[in-house]
Amino acid sequence: TPLRKWEDVERTVSLAAKELPVTDMHTHLFSADFKEQLLWGVDELLIYHYLTAEYFRYSELSYDDFWKYSKQQQAELIWQELFVKRSPVSEAASGVLTAFRRLGLDTSSRDINIYREAWKNRTASEQIDKVLAAARVKEVVMTNDPLDRSEREVWLHQGNTDTRFLGALRIDALLLNWTVASAELAAMGYQVEGEWNDGVSGEVRRFLKEWSAKVGALYIAASLPGDVRFGGRDHLTAMLEEAVIPVCLELGLPLGLMIGVRRQVNPSLKLAGDMSMKADLQLLEAVAVSHPDLQLLITVLARENQHELTVLSRKFRNITLFGCWWFLHTESMIQELTRFRTELLGFSYIPQHSDCRVLEQLINKWEHSRTVISEVLVSKYKRVYESGWLLSEEDIVRDLNEWFGGRFAVVRQNAAKTKVR
Ligand code: RAT
Ligand code: ZN
């Protein structure tokens with residue numbers, strides 16, 4: 001039934017955008033099977049690397065002294081600097097309060113111990129259930145790196161038993177740090193020593209196939225600096241051309257590329273020390289044009305690249321743009337990007353992923369994004385409504401579902417068409 005009154009359209013969109021379940025297609029979260037690798041709770045929320053970076057804007061403590069402290073002490077320092085001495089207005093700081101509030105905590109207290117106390121008897125599994133319900137996230141895609149020894153241990157034993165958590169094979173080191181990656185592959189029993197040749201690429205393909213299966217990968221992914229190119233006689237091109245792309249096609253998996261990170265601009269900040277950089281999208285264009293059957297899930301980190309990537313997505317149906325990544329995951333950037341992307345791509349992209357590293361962040365990251373997505377959709381519907389087009393609740397739910405998981409599923413279905421049986 002068509003909604004004849006504009007107020008009803010508005011109300012339906014804002015309710016549906018709040019409530020419909022989403023698939024979060026890129027996070028750094030783990031299921032409870034991974035024990036302490038799943039980060040959650042008050043202290044982890046406070047020492048999130050986005051907040052650590054903000055802390056050093058104010059603190060005079062040396063980096064070394066800060067890193068010597070325990071996680072609890074670091075959390076207290078950050079709490080003091082960002083929540084007590086001044087108000088938590090940044091995206092990352094205010095996000096902590098959103099998560100606290102939505103999980104039922106009284107956010108009027110400035111005492112960190114009140115918050116710690118509230119969750120002290122929780123188990124990770126209980127918290128996962130509460131957080132997924134509050135965030136209305138139905139599936140969480142992890143980032144799975146078999147070259148990480150502690151993570152590998154888990155996969156070699158019980159693996160992941162929680163069906164709400166899905167796998168994605170992460171291969172940064174294969175592409176960018178072959179010295180380290182080959183040593184680790186060799187330790188795992190793959191014959192990759194010596195010069196790059198057919199034997200070595202065959203072993204890398206074997207690794208990719210075995211580990212995609214083991215982690216139940218929905219896609220294979222890496223994040224890349226902005227200045228890498230494709231098609232030369234370099235390691236990255238050979239690795240993509242001879243190992244990664246053939247395996248994606250054989251297994252019917254998309255390739256995810258997150259482009260435009262400049263790692264360790266300030267190594268003293270550790271995980272918080274990475275920067276964004278403008279990317280040369282030649283790599284993406286060259287891969288898209290030379291492999292039309294390869295489905296590409298793409299996000300770029302520089303704001304300066306957003307227009308170009310959005311236009312490029314219109315040119316290649318094997319490119320699907322996703323998410324407002326990292327320094328773009330802020331209210332104003334999500335507004336700008338979602339509005340513009342919708343203007344050029346309609347529903348044919350994935351508006352958001354959370355990139356959460358700490359469980360409870362699913363709540364704030366999705367709540368803040370849902371609000372913006374809803375506002376953008378309302379403003380776009382306004383035009384069609386004023387043209388006399390009537391929307392029903394079913395239309396609205398259908399459209400939002402395409403954004404909240406449908407598009408990601410289509411990309412995977414299209415990728416699966418190349419699968420060798
Ligand atoms: O967003 C982040 O937390 C970054 O540290 C990165 O992990 C980035 O998202 C990536 O996946 O490379
Ligand atoms: Zn990430």
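Q: How many Å separate an oxygen atom of ligand 1 from an N or O atom in the side chain of R170?
A: This is a predicted model. R170 is among the residues that surround ligand 1. An N or O atom of the R170 side chain and an oxygen atom of the ligand are separated by 2.8 Å.

Q: How much of the area that ligand 1 exposes when taken alone does the protein bury?
A: Taken alone, ligand 1 exposes 310 Å². Within the model, the share of this area buried by the protein is 98%.

Q: Where does ligand 1 sit?
A: Residues around ligand 1 include H26, H49, Y50, S223, M258 and R263. The place that holds ligand 1 is the largest pocket.

Q: How do the residues of the shell around ligand 1 divide into nonpolar, polar and charged?
A: Among the residues around the ligand are M258, S223 and R357. For the whole shell, the division is four nonpolar, four polar and four charged.

Q: What distance lies between a polar side-chain atom of W325 and an oxygen atom of ligand 1?
A: W325 is one of the residues surrounding ligand 1, and H28 is another. For H28, a polar side-chain atom is 3.0 Å from an oxygen atom of the ligand. For W325, the corresponding distance is 2.9 Å.

Q: Which residue has a side chain joined to that of D172 by a polar contact of 2.6 Å?
A: D172 is in helix 10, which covers residues 172–176. D172 counts as buried because its relative accessibility is 18%, and the cut-off for buried is under 20%. The polar contact of 2.6 Å joins its side chain to that of R170.

Q: Is W326 buried or exposed?
A: W326 is found in the loop between strand 10 (319–321) and helix 16 (331–345). Its phi is near 60°, a positive value in a residue that is not glycine. Most residues other than glycine have a negative phi. Since its relative accessibility is 9%, W326 counts as buried.

Q: Which residue has a backbone oxygen that the side chain of Q306 reaches at 2.9 Å?
A: Q306 lies in helix 15, residues 306–315. Q306 counts as buried because its relative accessibility is 3%. A polar contact of 2.9 Å joins its side chain to that of R341. The backbone oxygen that the Q306 side chain reaches at 2.9 Å is that of V300.

Q: Is G104 buried or exposed?
A: G104 is placed in the loop between helix 6 (91–102) and helix 7 (112–118). The C-alpha atoms of G104 and A118 are separated by 9.4 Å, with the two residues 14 residues apart along the chain. The relative accessibility of G104 is 63% and the cut-off is over 50%, so G104 counts as exposed.

Q: How far apart in space are V372 and T27, C-alpha to C-alpha?
A: V372 is in helix 17. V372 counts as buried because its relative accessibility is 2%. In sequence, V372 and T27 are 345 residues apart. In space, C-alpha to C-alpha, V372 and T27 are apart by 20 Å.

How values were computed
Residues numbered from 1 in each chain as written. Chains lettered and ligands numbered in written order. Predicted model: local features only at pLDDT ≥ 70, side-chain atom pairs only at ≥ 80, totals over all residues. Heavy atoms only, no water. Near = heavy atom within 4 Å. Polar contact = N/O pair within 3.5 Å; in protein donor to acceptor, adjacent residues only side chain to side chain. Areas by Shrake-Rupley, 256 points an atom, 1.4 Å probe, with all protein chains shown as cover. 1 Å grid on protein atoms, 1.4 Å probe; cavity = no way out; pocket = protein on both sides within 12 Å on 5 of 7 lines; lining within 4 Å. Sits in = over half its atoms within 2 Å of the grid points. Nonpolar A, V, L, I, M, F, W, Y, C, P; charged D, E, K, R; others polar. Helix = DSSP H or I, 4+ residues; strand = E, 2+ residues; numbered from the N terminus. Buried < 20%, exposed > 50% of the residue type's maximum accessible area, 1.4 Å probe, protein only.
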